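This report looks at selected strands, helices and side chains of one model. Please keep the sequence and the structure in view while reading.

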Amino acid sequence: MSDQQGQAATRTYPPDPELSKSANARPEMKEQGLEEFWDEQAKQRISWFEDYDTVLEWNQPYAKWFVGGTLNACYNCVDRHVENGKGDKVALHAVPDDGPDSPDAQDITFSDLQRRVVAFANGLRKLGVGKGVPVGIYMQMIPDAVVAMLACARLGAPHTVVFGGFSGKAVAERCNDLECTVLVTQDEALRGGKSFPQKVNADEGLDGGPTSVEKVVVFRRTGGDVPMGDRDVYADELMSDVSDDPSECPCEPMDAEDLLFLLYTSGSTGKPKGVVHTTGGYLTGVTTTHNLVFDVKEDSVYWCAADIGWITGHSYIVYGPLSNGVTSVLYEGVPGYPDKDVWWKIVEKYGVTILYTSPTAIRSHIKWGPEHAQKHDLSTIRILGSVGEPINPEVWEWYHEHIGGGKAPVMDTWWQTETGHILITPLPGITTLKPGSAQQPFPGLEFEVRDDEGNALGANEPGNLVLTRPWPGMMRGLYKDDQRYRETYWSKYSDAYFAGDGAKFDDDGDLQLMGRIDDVTNVSGHRISTFEVESALVEHEKVAEAAVAARRDPDTGQAIVAFVSLKGGNEGDDELKQVLREHVAKQIGKLARPAELIFASDLPKTRSGKIMRRLLKNIAEGEELGDTSTLVDPTVVEDMKKQVGAK
């Protein structure tokens with residue numbers, strides 16, 4: 001598509017020869033067959049109670065992996081490390097909201113974690129929780145949340161974690177769908193120095209209508225006074241008379257295809273989709289990808305700066321790192337509090353070697369400036385990772401230079417709630433890196449880029465990203481909704497999983513992700529990726545962050561509206577608007593030039609750090625905004641609305 005030139009990286013980064021010598025990933029893995037590769041990984045990385053007899057049964061659109069095998073996720077994440085003499089190794093550096101210098105910071109060893117998990121599992125057993133009994137978890141980023149997840153896994157009780165920033169109504173909706181009889185929460189939450197009424201929010205949701213929840217277990221975080229009724233019990237009181245001896249609460253053997261957890265993801269319409277993840281394939285997938293993509297070693301200190309309420313937290317805060325026996329950072333707080341260098345204090349204090357975060361978070365640090373990172377010794381960092389959205393080449397370069405010291409490779413990863421684990425990524429020590437490109441399928445996987453008619457596209461032809469082979473961590477459907485599963489993911493193409501994302505291959509056969517298909521605008525019949533326009537804008541020296549939406553236009557079908565946040569000290573005016581519009585035209589083409597450009601102090605973000613693009617589209621179209629309660633700062637959208645209305 002000649003009118004839309006991609007944001008091709010101007011520079012590539014070959015692997016460091018020293019890293020290549022010691023890398024966990026091997027080039028020959030790319031040549032292995034699907035079942036051969038995953039069979040090797042499952043046998044090498046997972047402890048099975050009973051060996052599986054079949055690697056894969058594929059009956060499209062459903063897969064079964066490691067058929068006949070039994071295992072337990074908690075055993076793999078905790079018990080086996082203690083049994084192997086690693087009980088004194090730190091599992092979690094738990095950093096509270098007020099930072100690593102807080103007196104509440106704690107180091108939790110694998111033995112500590114085992115005792116806490118066993119005690120809580122025994123507490124849950126008193127409430128009737130056991131194999132197949134679902135449990136809801138509505139908590140923030142505290143160690144007790146990890147304990148709750150692992151205790152459920154130990155008992156064979158499926159869990160569904162609801163993001164701590166969601167409303168009580170969302171909690172009740174998800175618990176009712178899974179028919180949870182127990183909800184685990186905390187008294188209050190701390191984020192950015194402020195307390196939030198976690199238990200009260202949960203009560204409001206549960207009391208708003210019929211509920212399956214019979215008992216609410218409350219961990220004390222702040223010690224605040226919260227209402228406690230007949231169905232409520234404090235976690236410490238529940239555990240006051242139970243044993244923490246693992247022999248008195250052995251890990252439940254689970255079939256490889258038994259449900260481990262349900263995680264709900266928003267649909268474009270209708271109720272949230274309950275994504276089903278089972279035990280054997282999922283655990284093999286996250287353990288393997290965590291090990292190879294981040295090149296973890298025995299002495300690694302790993303930090304995934306995400307939230308357990310999302311799939312990234314499940315896979316790369318809890319199950320993947322703990323299964324690999326890695327020391328991790330668990331951070332309760334937010335970027336920029338109590339000061340803008342708190343992340344780099346954490347890296348320096350704990351000697352973090354691997355950092356995995358989102359482009360949104362990196363852009364916040366870019367906006368604040370590199371001087372905050374420069375105050376700290378970040379020399380321990382050897383691998384960087386990016387997740388959640390395509391990373392702009394300029395953001396990649398800043399991350400690599402200012403956080404990675406120009407030496408740490410950046411693993412730009414693509415995957416989804418539905419896929420369970422990373423599917424497209426470079427590999428340390430193997431891949432020559434291209435800023436802004438996720439590049440290659442993980443070993444054993446195959447992708448195609450197709451047009452709407454199903455034809456495979458060649459280099460530099462944007463289209464729809466599809467997977468043509470199954471993978472271990474893939475969802476096992478949508479909970480109690482086979483028809484929706486088939487319609488959502490398998491109806492566009494009869495022979496492939498449609499990811500809902502746009503992509504294109506470059507001249508070298510590397511994949512460049514272009515964001516959601518619905519984030520592709522159609523201007524005068526030309527498909528223009530909002531991601532590419534955003535990348536062009538943030539290339540400008542005065543721009544810290546940019547997000548793009550489309551509005552209806554009588555002449556061109558759609559018109560591009562750009563929302564721009566400037567770096568500190570820069571003022572937005574009509575002259576700069578014109579400069580930025582022409583900058584985009586020069587970078588991509590005149591058709592990509594924003595029809596309208598709006599300056600904002602910040603972009604509308606949820607507490608998880610994601611830009612709420614629905615609101616940007618509503619603003620661009622002049623529509624009602626709807627619910628803005630999940631935003632960190634709801635006032636930013638009102639300022640944007642005024643600018644649009646002033647035109």
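Which Trp and Tyr residues do ring pairs link into a cluster? In this predicted model, the cluster is made up of Trp58, Tyr62, Trp471, Tyr485, Tyr489, Trp490 and Tyr497, which are joined by ring pairs.

**Aromatic rings and charges**

Across the whole structure, a search finds 33 aromatic pairs. One of them is formed by Tyr13 and Trp396, a tilted pair whose centres are 5.1 Å apart and whose planes make an angle of 35°. Tyr13 and Trp396 are both buried. The pair of Tyr485 and Trp490 is edge-to-face, because the ring centres lie 6.5 Å apart and the planes stand at 70°. Tyr485 and Trp490 are buried as well, and both belong to the cluster named above.

| Charged residue | Ring | Distance to ring centre |
|---|---|---|
| Arg450 | Tyr493 | 5.3 Å |
| Lys492 | Phe498 | 5.8 Å |

**The sheet of four strands**

An open sheet is built from four strands in the order β21-β22-β23-β24, and its pairing is antiparallel. Its edges are formed by β21 (447-450) and β24 (511-516), each of which has a single partner strand, so that one side of each is left without a neighbour in the sheet. From one strand to the next, the twist averages 45°.

Strand β23 (residues 497-505) is joined to β24 by four bridges, and these two strands run antiparallel. Within this pairing, Lys504 has Gln512 in β24 as its bridge partner. Helix α16 (residues 530-539) lies across β23 and β24, and the direction of the helix is at about 105° to that of β24.

**The sheet of seven strands**

A second open sheet has seven strands with mixed pairing, in the order β5-β4-β17-β16-β18-β19-β20. The strands at its edges are β5 and β20 (410-412), each of which pairs on one side only. Neighbouring strands of this sheet are turned against each other by 20° on average, with direction ignored.

How many of the six residues of strand β4 (residues 90-95) are buried? Six of the six are, so β4 is largely enclosed by the rest of the structure. On one side, four bridges join β4 to strand β5 (residues 106-109) in an antiparallel arrangement, whereas the pairing of β4 with strand β17 (residues 327-331) is parallel and also comprises four bridges. His93 takes part in both pairings, for its bridge partner in β5 is Asp107, and in β17 Val329 stands opposite His93. Leu92 has its own bridge partner in β5, namely Ile108. In a regular strand, side chains alternate between the two faces of the sheet.

Helix α4 (residues 110-126) packs on this sheet, where it touches β4 and β5, and the direction of the helix makes about 80° with that of β5.

Is His372 buried or exposed? Its relative accessible area is 16%, and because buried residues are those under 20%, His372 counts as buried. The residue is placed in helix α13 (residues 371-374). A polar atom of the His372 side chain lies 3.5 Å from the backbone oxygen of Trp368. If neighbours within four places in sequence are set aside, His372 is in contact with Lys340, Asp341 and Trp344.

**Helix α18**

Helix α18 spans residues 613-621, and among its residues Leu615, Leu616, Asn618, Ile619, Ala620 and Glu621 are buried. An α-helix has 3.6 residues a turn, so residues three or four places apart point the same way. The residue that follows α18 is Gly622, which has a positive phi near 70°.

Terms used. Residues numbered from 1 in each chain as written. Heavy atoms only, no water. Buried < 20%, exposed > 50% of the residue type's maximum accessible area, 1.4 Å probe, protein only. Polar contact = N/O pair within 3.5 Å; in protein donor to acceptor, adjacent residues only side chain to side chain. Contact = heavy atoms within 4.5 Å. Pairing = 2+ DSSP bridges. Phe/Tyr/Trp six-rings, centres within 6.5 Å; stacked < 30°, edge-to-face > 60°. Lys NZ or Arg CZ within 6 Å of the ring centre and 35° of its normal. Axes fitted to C-alpha atoms, helices over the stretch in contact; angles between N-to-C directions.
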